[in-house]
Amino acid sequence: MDKSTHFFGNSVFGQLISLIDTEIIAKAAKKHHSDYYVKRFKTKDHLISMLFCVFAKCSSLREVSGAMLGLSGKTKHFKLENIPYRSTLSDANKRRDSDVFCTIYNKLLQKYGHYLSDSRIKDVINKQIEIFDSTTISLFQDIMRCVGRKPKSGKSKGGIKVHTVINVDETVPKMIWFSHGSTHDHVLLKKLRYDANTIYLFDKGYNDYKAFRDFTQSRTGFVTRIKDNAVFSVSEINEIQDNIHSGVLEDAIIDLTVKDKTENSVLKLRKVKFYDRTLKRTFEFLTNLFEIRADLIAAIYKLRWQIELLFKQLKQNFPLKYFLGDNENAVKIQIYCSLIANLLITVIQKLLKRQWAFSNLVSFCKIHLFNYIHLLRFLENPDKDWLKEQIKIEQLTLF
């Protein structure tokens, strides 16, 4: 009998954990002192336990600890040294600084960035396009301030806002900040790095004329949508070429007033009016890119939709509705671990020649988390009749 090529000496979960170098975890723990005065449940055990929660979609501490206690004797393959009790995991989520998980995520992004990067768009524009946006995650307890009125019951809900920057050619978060759900988006514009070789894309909720002036002075490009109630004056109308096919209705240079405490200043920007034939809608874009074609401005802004797809992907495939702690630190840890899991699955997706939907990969890993299947081989050739070979192997082990 031919030996199956799909079965492996390591479980699917172990193969996913093997993508994380132990050295990365050790350096991050040393940097943030996250293992000081800790005897058993180290940072590595904490990370693996939380990744198990994310991949298995556990919704409570008891579910995580109970499931992992059932794996006693099988933890060697995924490098778990100490199985946590419910109280141990709860205390770790409360006390261990969430920044250590942020550092681990950033190091993994540096390591696997070349698998994720696609430079085709950058080659056309000759600049790096980055998308900036936020998503709000509702919390059942009043952990962080959320927007909206208080319910009639008097029990306040919390909300955490996740501000994210992604490269348009990577589709995974590059930088992440957290704030209360009631924080206005434009406040986080000052955290962006000014760079003459970068173009930022963001929605009209980030309209801030002072920030636009800083972008322009530092020669950092941006494309956004202008607000309906914006006050401006048109100083110049550019000639539109082939507007019938391009969809460009207007290309104008406008003057905006930037109000300061001492004196006001005038900022020159470009406003492009564009008709989208697919959506049958008219859009008005605001930018400081004066040399790029007007129809290309509209095409660049359309790329902003990628970050909305990322938020949808995270919320649909990972447990971000129920959190394993009633404190801010525990919420952040679970979000960082979801981002790490998202990165690992994205790397697997990029390594495969066969096309797989992201949600199908996550479902497959959840179902076969502790099956000993060679993950990449099976995903490359899932049509092979490997189930019959498994049954034959199991029958041979009975004798």
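Val331 lies in helix α12 of this predicted model. Because its relative accessibility is 1%, below the 20% limit, Val331 counts as buried. The C-alpha atom of Val331 is separated by 9.3 Å from that of Lys94, although the two residues are 237 positions apart along the chain.

**Packing of α5 and α12**

Helix α12 spans residues 328-351, and its axis comes within 7 Å of the axis of helix α5, residues 86-95. The two axes cross at roughly 95°.

**Nonpolar cores**

The largest nonpolar core has 98 residues. Those with the most contacts inside this core are Phe13, Leu47, Leu51, Phe55, Ile335, Ile340 and Leu379. Helix α12 gives the most to the core, with 13 residues. Leu51 illustrates the packing: when residues up to four places away in sequence are not counted, Leu51 touches Phe13, Ile17, Ile20, Cys337, Ile340 and Ala341.

| Nonpolar core | Size | Residues named |
|---|---|---|
| Largest | 98 residues | Those with the most contacts inside it, including Phe13, Leu51 and Ile340 |

**Strand β1 and its pairing with β4**

Strand β1, residues 128-139, is mostly covered, with ten of its twelve residues buried. Four bridges join β1 to strand β4, residues 198-201, and the two strands run parallel. Within this pairing, Ile131 has Leu201 in β4 as its bridge partner.

**The chain as a whole**

The chain contains 15 helices and nine strands. Of its 399 residues, 49% count as buried. Among contacts in the chain with a separation of 6 or more, 64% are accounted for by residues 24 or more positions apart.

Methods
Residues are numbered from 1 along each chain as its sequence is written. This is a predicted model: local features need pLDDT of at least 70, side-chain atom pairs count only at pLDDT 80 or more; totals for chains, interfaces and linings use all residues. Side-chain values use heavy atoms; hydrogens and water are left out. Axes are lines fitted to C-alpha atoms, for helices over the stretch in contact, and angles run from 0 to 180 degrees between N-to-C directions. A nonpolar core is a set of buried Ala, Val, Leu, Ile, Met, Phe, Trp, Tyr and Cys residues joined through side-chain atoms within 4.5 Å. Buried means under 20% relative accessible area, exposed over 50%, partly exposed in between (1.4 Å probe, protein chains only). Contact means heavy atoms within 4.5 Å. Two strands pair if DSSP finds at least two bridges between them.
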